[in-house]
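Here's a quick briefing for anyone opening this entry for the first time. Have a look at the picture, then read on.

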Amino acid sequence: MNRLILIVIFLVAVSRVSVGAEEASKKFHEWTGSRTIPVHRIGLTDENGEGIVPQYKQSMPYSPSKTCGACHDYNKIRHGWHFNYAEKDTLKGRSGQPWIWYDEVSGMQLPVSGRNWKNTWAPSEAGLTPWTFIKTFARNLPGGGLGESEESPDDPAARWNLSGKLEIDCLACHNASPAQNHSEWVKQVARENFRWAPTASAGLGEIGGMASRMPSSWTVMQGPNLDDTQYAIAPSVTYDTKRFDRKKRMLFDISGKPQDRHCLFCHSVAEHGKQRKDVDGDIHTRAGMNCVECHRNGVDHMVNRGYETEARDRKDLSVAASSCRGCHLGVDDEKGVAAMGGRLGSPAPKHKGIPPVHFDKLSCTTCHSGPWPTDDLVRVRTARANRIGIIGVANWTTDLPYIVEPVFMKGEDGKIAPHRVTWPSFWARIESDKVRPLTPDALAQAGTNVFETPKSLAGIIAAMDIGDPTNGKPVFVNSGKIYSVNVDKGLDLASAKAAADQSGILLCKNGALSSLVAAFDPAAEQMDPNVQVRITDLLKALAAYKAKPDGVPVMTLGDKVYQLDETATLKTSSLKDEVDLAKLQSDFLKVPAKSVAWGWLRDKKLSPIAPDFVVRSVLETVGTSYTLTEEQVVMVLKNLATSDKSGKTKYAYVCSGKMFTVDQGGRLSAVDHAAAEPVAWPLAHDIRPAKQALGAAKCTICHSVKSPFFFGKVEAAGPMKTAAVQSKQMFELQGQSANFHRLFGLSFLVRSMFKTVIFGAACLIGLVLALYALLALNSLTKFLGSRENK
Amino acid sequence: MFRALTVISVVAAIAVVVKFGKQLAGQSAGSSVRPRIGRYPLIEALIAFVMWASLLVLIATGFLGATMLGHALSGFTTLIHVGCGAVFALSLAVLAVFRAEAYSLAGPDTFGRFSLVQKICFWVIVICGLGLIFSVLSAMFPILATDGQHMATRVHKLSALVALVATIIYAGTAGKRN
């Protein structure tokens, strides 16, 4: 009996659940066919489902999932292409640009993807937790995905309770208002104000405070931090109440088709060093099209990516109509025509004189997209990798990762296509031949005093910037180069040059260099009081420098040493009494006898103001895109090996297409390794006009002995300055024979002659045939004539 | 499709040659009286040799991939094919001028070497040669769009196939006359 009751209760429960689910699915209406955008005058709802009263000071930020999700199927949307990157068995699709985890300090640029794309690392393999992934990459994510993670014991460093969830920011794409500010989104993400980011970026209200500064015990329900009104200010929102009506509703300016500017915030690519005025843009956008004309999606938000085999990958033939071929030429399938060509008024290309083999072996983008191939690859910066487009006080844009295009290589569909390419750089632990990337945190100890040499030297220079009567600024001078401290507390290489005999830390005023201390005679019995004060102040400043090495700061001039005694009074002594001259470091020997030099004295050993290796790495890296030298890499690898107690683990630095390890002689050796192989993804934009397509004017653009298309050099680069870099030519990446294409290229030198010869031959044969045809006709007329006579 | 057509055509041509080779070789054109078999001038013989040799290379390179390997011409084979194509075109044109009279269907040739079937084969090869040349030439100028290019390729293939059959029959009947 009891069992029967239980079964009845179970069946009733199941039926209630199914009815509930049906009701839920009914809530979201099918498109009625109206092509207008409904007016979105709606009230805001917070993450708890409560209506927002904008005048209330403790208001919560609006929640897209609750506000937009009231009418739109948020649960369906969250599986769209922009959000499903972390789902189990998610759609892989054709390789796209991976996330590149870039750490300037350690020289790491690690390609990361949740889609198992070739030569990328899954977030978990790279050591990224959902929290660190979002913290690192959410600046260019529209929310959702890992942004909606929750507290987990596997991720103790996560602070979801403070930050809130980073919900899908619907307005990031659908807001037609000019107030939509993606840089504001980036700022709020950096401050861990995840739940406030959609409100801030849409300009619905002003956000104050930073969750990142709040103690981990704080929750949003506690409201303002009454203990601290200066630093750890709790995040809060102040709504622009003028935008709300009396029913607490506000008018959203919604565009069903997102505007290009929203796409371009994350999908911009710019040639390094190119002026904006010189960018023509994509031919389709110049013709008035928007990104979403081709990259369209339904309610499921599975955006068409536009590549030819996408329909097969997604098992949806309608997708094929959005590829280049689908739109311009149409797509046939076994059932008939899947899409007619000429869609959206696209012209049908005739490709006159182009042998059809090109269409079998090349993608459309090969001839029509990207920069025109030249001997040198074009270095580009992308929004997601190099952080372009983020506007604020800080400079977000980075030169690295090093990305080049167009690399014409064989794609996953077997066709040659132009690609963007970058080479991974990371520190790795090798155990049983398995390579495991090390996170920047894991390198903190090994890299202490090795990384960030420009900052280290800049710190010393800044310490000596105690003001100067002539308003000069201290700079570091070496090998004719002048380095000054920049706003980021790093070093900039000045365009001015120094004389060969000028060296060390000097004063620079309007490009003119002088000593930090006014000239004086070290042999004089009485020192100028002003000079004495100046030297004393500088030595005091150095003594107070936080990161100073062991030893006391000293100044040397000729055979004299100047230092502070216990009472901080300037003391002068003879160099030979204070210093073991046999141990005097080379840099001091270089300083002319009449010049002032600064250093550190300890146990009669005089060290230069900055370690030699710091100076060497500054000379090699500052003013370039490199951040590491081989010497620094050797030092870190040795430090890592020393820290490994088992002695079984090997360490390596992967960079520029090679894997670097320290050999038994302590030298850096480079080998090829699968983990060092480049990551490449096909490029499609900008698309050039048909007249600028490869081969439109002549075949020899590609079919010549030295054409960049086949023989262009693809040379790796990375954060480390080294000569051991991977170098390949395009034909290798295309799986083509170099000798064949050289010979084929040569054949174009005689192609005109070839055409002339066979045309002449055809004419001759035609004449002979015509002659005999006429003779045959003659015979026929004679025959017919003779019959009539008979 | 073309692969099957090629195989069937070649097999049929060989079968015809094997079965009826002698009869075909014996049928002289124009007259039942066989003239004396003479020798060609050296230069003419040389051109004929070049023409037949280049035709053999073209057949080998062109049909090997299409029938045996199942894919279109590629790589060095293409270069050899294109190079021999020019030689074939030129030598065929010159030979057509030199031997038009000898291969005339109207009467016995000067040297009395060729049967009617061989003469027909020769003119078939000449006509196909014209088709082969024009299909290549038209594809090398910005005249034909992609569909036209495909059509030119089909014309080229079919002309080549007919020329191949003619070549087999010609070769099969050569030297079989009594």
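How many residue pairs are in polar contact between chain A and chain B, with both at pLDDT 80 or more? The count is five. Keep in mind that this is a predicted model.

**Where the chains meet**

- On one side, 28 residues of chain A take part, and they are in contact with 34 residues of chain B.
- Putting the two chains together buries about 2600 Å², and carbon and sulfur atoms give 82% of that area.
- Three elements of chain A give two or more residues to the side that touches chain B: helix 15 (357-361), helix 26 (738-747) and helix 27 (751-789).
- Helix 27 of chain A gives the most, with 14 residues.
- By type, the residues on chain A's side of the contact split into 18 nonpolar, five polar and five charged.

**A serine in a loop**

- Ser106(A) sits in the loop that runs between strand 2 (99-103) and strand 3 (108-112) of chain A.
- Is Ser106(A) buried or exposed? Its relative accessible area is 2%, so Ser106(A) counts as buried.
- The side chain of Ser106(A) makes a polar contact of 2.6 Å with the side chain of Asp103(A).
- Leaving aside residues up to four places away in sequence, Ser106(A) touches Trp427(A), Pro440(A), Leu443(A), Phe451(A), Leu628(A) and Tyr653(A).

- Over all chains, a search of the whole structure turns up 26 salt bridges.
- One of them pairs the side chains of Arg195(A) and Glu47(A), at 3.0 Å from N to O.
- This pair links distant parts of the chain, 148 residues apart. Arg195(A) is in the loop between helix 8 (182-190) and helix 9 (197-201) of chain A, while Glu47(A) is in the loop between strand 1 (40-43) and helix 2 (64-67) of chain A.
- Arg195(A) has 9% relative accessibility and so counts as buried, whereas Glu47(A), at 26%, is partly exposed.

**A pair on either side of helix 6**

- The side chains of Glu150(A) and Lys165(A) also meet in a salt bridge, with 3.0 Å between N and O.
- Glu150(A) belongs to the loop between helix 5 (130-137) and helix 6 (160-163) of chain A, and Lys165(A) to the loop between helix 6 and helix 7 (170-174), with the two residues 15 apart.
- Glu150(A) is exposed at 55% relative accessibility, and Lys165(A) is partly exposed at 34%.

- Arg159(A) and Glu192(A) form a salt bridge whose closest N and O atoms are 2.9 Å apart.
- Why does this pair tie together parts that are 33 residues apart in sequence? Because Arg159(A) lies in the loop between helix 5 and helix 6 of chain A, and Glu192(A) lies in the loop between helix 8 and helix 9 of chain A.
- Both partners are buried: Arg159(A) has a relative accessibility of 17%, and Glu192(A) has 7%.
- Lys135(A) joins in too, as salt bridges with shared partners connect Lys135(A), Arg159(A) and Glu192(A) into one network.

Definitions and conventions: Residues are numbered from 1 along each chain as its sequence is written. Chains are lettered from A and ligands numbered from 1 in the order in which they are written. This is a predicted model: local features need pLDDT of at least 70, side-chain atom pairs count only at pLDDT 80 or more; totals for chains, interfaces and linings use all residues. Side-chain values use heavy atoms; hydrogens and water are left out. Contact means heavy atoms within 4.5 Å. Buried area is the accessible area (1.4 Å probe) that two parts lose on being put together, summed over both. A polar contact is a pair of N or O atoms within 3.5 Å; within protein, one must be able to donate a hydrogen and the other to accept it, and residues adjacent in sequence count only if both atoms are side-chain atoms. Helices (H or I, at least four residues) and strands (E, at least two) are DSSP runs, numbered from the N terminus. Ala, Val, Leu, Ile, Met, Phe, Trp, Tyr, Cys and Pro count as nonpolar, Asp, Glu, Lys and Arg as charged, and the others, Gly among them, as polar. Buried means under 20% relative accessible area, exposed over 50%, partly exposed in between (1.4 Å probe, protein chains only). A salt bridge is a side-chain nitrogen of Lys or Arg within 4 Å of a carboxyl oxygen of Asp or Glu.
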